[in-house]
Amino acid sequence: MAIDKETVKYVAHLARIELQPDELEKLSGQLHDILGFIDKLSRLDTSRVNPSSHILPISNVLREDKPRDSLSPDKALENAPVKKGNFFSVPKILE
Amino acid sequence: MKYQTVIGLEVHLQLKTKTKAFCGCAIDFGREPNSSVCPVCLGFPGSLPVYNKEALNYAIKVALALGCQVQEHTKFDRKNYFYPDLPKNYQISQYDLPLSRYGFLDITADGKPKRIGITRVHLEEDAGKLIHETEASLVDFNRAGIPLLEIVSEPDLNSAQEAFDYLTRLKTIIEYLDVSDCDMEKGSLRCDANISLRPEGIKELGVKTELKNMNSFKGVKDALNFEAGRQAELLESGRAMEQDTRLWDAQKNITVSMRTKEGAKDYRYFPDPDLTVFIIGQEMISGIKDSLPELPGLKLRRFVEEYSLSEYDAGILVSYKKDAEFAEECLKQYPGKDKKNMANWLIGPLLSEANTRNLSLHQLGVNIDELTSLIGFVQRQELSHLNAKSVLTQMLDSGRSAQEIIKERNLLQISDTAELEQVIIAVIRENEKSVNDLKNGKANALMFLVGQVMKKSSGKANPKIVQELIKRRIDNA
């Protein structure tokens with residue numbers, strides 16, 4: 001899979017990462033190499049292997065519907081960069 | 001040109017579990033902002049979500065009630081996007097292995113039954129709540145992580161009315177299951193709609209718009225009606241339809257484009273490594289199936305068969321579970337095989353009392369024995385229907401018995417012919433003209449004379465008997 005600069009730009013935008021032109025250059029190359037490396041896996045014959053969606057052979061981990069203590073609003077908001085009253089405050093979102 | 005409207009609905013349902021989907025924070029809507037939050041639902045690094053057993057139970061109930069096939073293998077995926085109400089920058093949802101697929105919901109379209117396909121019912125979580133101020137937006141994460149079900153219909157709906165009917169029936173079923181409050185105004189049920197138009201007879205779907213921001217079933221209907229008109233006008237004028245997301249403005253009664261800048265959404269779904277897969281065995285499914293209550297569709301059929309009710313009457317009685325249970329208790333306790341009288345009382349006077357009192361049927365607190373006794377008075381022609389209705393009102397107001405009220409207000413109909421004859425003789429004497437009219441074959445005159453007798457007896461005379469007595473008297477004269 002070829003990774004061109006446009007793809008890197010697009011992925012960077014989706015992740016809200018701002019890249020400088022030289023970073024774009026560098027990352028395009030690196031991502032290309034990484035994906036090429038991973039691509040080796042596709043040489044394996046997996047036709048007899050069931051698809052897996054989890055690395056651990058466990059399933060159905062559930063918990064009972066029992067309330068437990070939550071954080072206090074003070075604690076929850078302790079590290080918020082900006083807060084107002086008991087709310088987290090963020091730059092205005094236009095609906 | 002004639003167009004066919006094609007609508008698909010996406011319903012989000014908050015499950016009313018005690019705790020959130022992936023953490024033990026209590027779900028309690030009265031709480032102050034950010035007081036029901038923890039490292040899991042705030043998306044703090046290192047926290048681990050574990051799914052709520054009860055939420056899974058509820059979800060399977062809904063899936064089964066909608067005739068879905070519950071999938072043996074199901075898993076959670078991350079849906080990635082940035083928005084301040086989403087603390088993890090991804091929503092835990094389901095992508096390629098949803099909880100269930102291939103269900104259906106039966107509605108009525110133009111008086112005929114119509115089956116609407118349900119594509120899937122899957123699990124996900126709610127986001128936080130945003131409050132927009134002039135300078136900033138404020139976030140409350142109490143709602144973040146509440147278990148949601150997404151119920152996606154096939155594009156099988158062909159009018160706003162059908163969409164409305166689909167939502168009403170869906171709500172009735174969910175209420176029967178008692179797994180959600182289903183209150184659109186409070187946001188426990190939300191609905192987005194996809195709508196497109198295509199020329200009649202053409203198979204290919206037209207360009208669709210997605211409608212959001214409706215906060216009542218009526219809002220959904222109005223928005224769809226408006227949008228169908230808008231699209232028809234656009235197509236008619238030859239302009240191209242653009243795929244768009246539009247917001248319903250309930251004040252102005254129009255849809256407005258959101259003008260989203262970004263192209264196709266790219267959520268980069270991938271399996272959530274923090275959560276294990278779920279294997280839902282037949283045993284679990286049949287266990288839950290057995291625990292399902294009788295659903296409204298089946299109850300309606302049974303009411304029609306067991307109590308010989310009309311489909312319309314049965315439909316009214318089954319639309320709320322508790323009312324249906326109350327109604328059935330009344331029908332069961334009503335003596336005899338013919339239950340029509342009790343059914344008429346339930347749908348007529350009782351329902352109208354409930355409406356005036358802003359209660360539902362079962363909340364009226366009516367004693368079934370007393371109700372049966374009241375209907376008995378009318379059946380035996382000892383009480384007029386009109387008076388019986390006013391006795392019912394008084395019974396509900398005071399909690400006193402029918403017998404007591406009828407006696408106190410002296411409402412028993414006079415069926416004693418000797419007593420009635422006295423009144424009739426007086427009426428005939430005072431209304432010579434009408435008597436002559438009657439003799440000359442004017443049928444109206446009879447009703448007038450009966451009315452006079454009723455008046456003289458303060459409404460207590462039994463009109464049927466009076467009618468016969470007058471006729472006999474005049475024929476023999």
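The exercises below treat a predicted model with chains A and B.

Local features require pLDDT of at least 70 and side-chain atom pairs pLDDT 80 or more, while totals for chains, interfaces and linings use all residues. Residues are numbered from 1 along each chain as its sequence is written, chains are lettered from A in the order in which they are written, and side-chain values use heavy atoms, without hydrogens and water.

**Exercise 1. Describe the fold content and spread of chain A.**

Step 1. Compare the radius of gyration with the globule rule (C-alpha atoms; 2.2 Å times the number of residues to the power 0.38). For the 95 residues of chain A the rule gives 12 Å, and the radius is 22 Å, well over that value, so the chain is more spread out than a compact globule.

**Exercise 2. Do the corresponding analysis for chain B.**

Step 1. Chain B comes to 15 helices and 17 strands. Its radius of gyration is 31 Å, well over the 23 Å that the rule gives for 477 residues, so chain B is also more spread out than a compact globule.

Step 2. The C-alpha atoms fill a box of roughly 100 × 55 × 50 Å along the principal axes. Buried residues are 49% of the 477.

Step 3. Of the contacts (heavy atoms within 4.5 Å) in chain B with a separation of 6 or more, 67% come from residues 24 or more positions apart.

**Exercise 3. Characterise the interface between the chains.**

Step 1. Chain A supplies 34 residues to the contact and chain B supplies 52.

Step 2. The two chains bury about 3800 Å² between them, 57% of it on carbon and sulfur atoms. Buried area is the accessible area (1.4 Å probe) that two parts lose on being put together, summed over both.

Step 3. On the chain A side, R63(A), D65(A) and F87(A) lose the most area to chain B, together 19% of what that side buries.

How values were computed: Helices (H or I, at least four residues) and strands (E, at least two) are DSSP runs, numbered from the N terminus. Buried means under 20% relative accessible area, exposed over 50%, partly exposed in between (1.4 Å probe, protein chains only).
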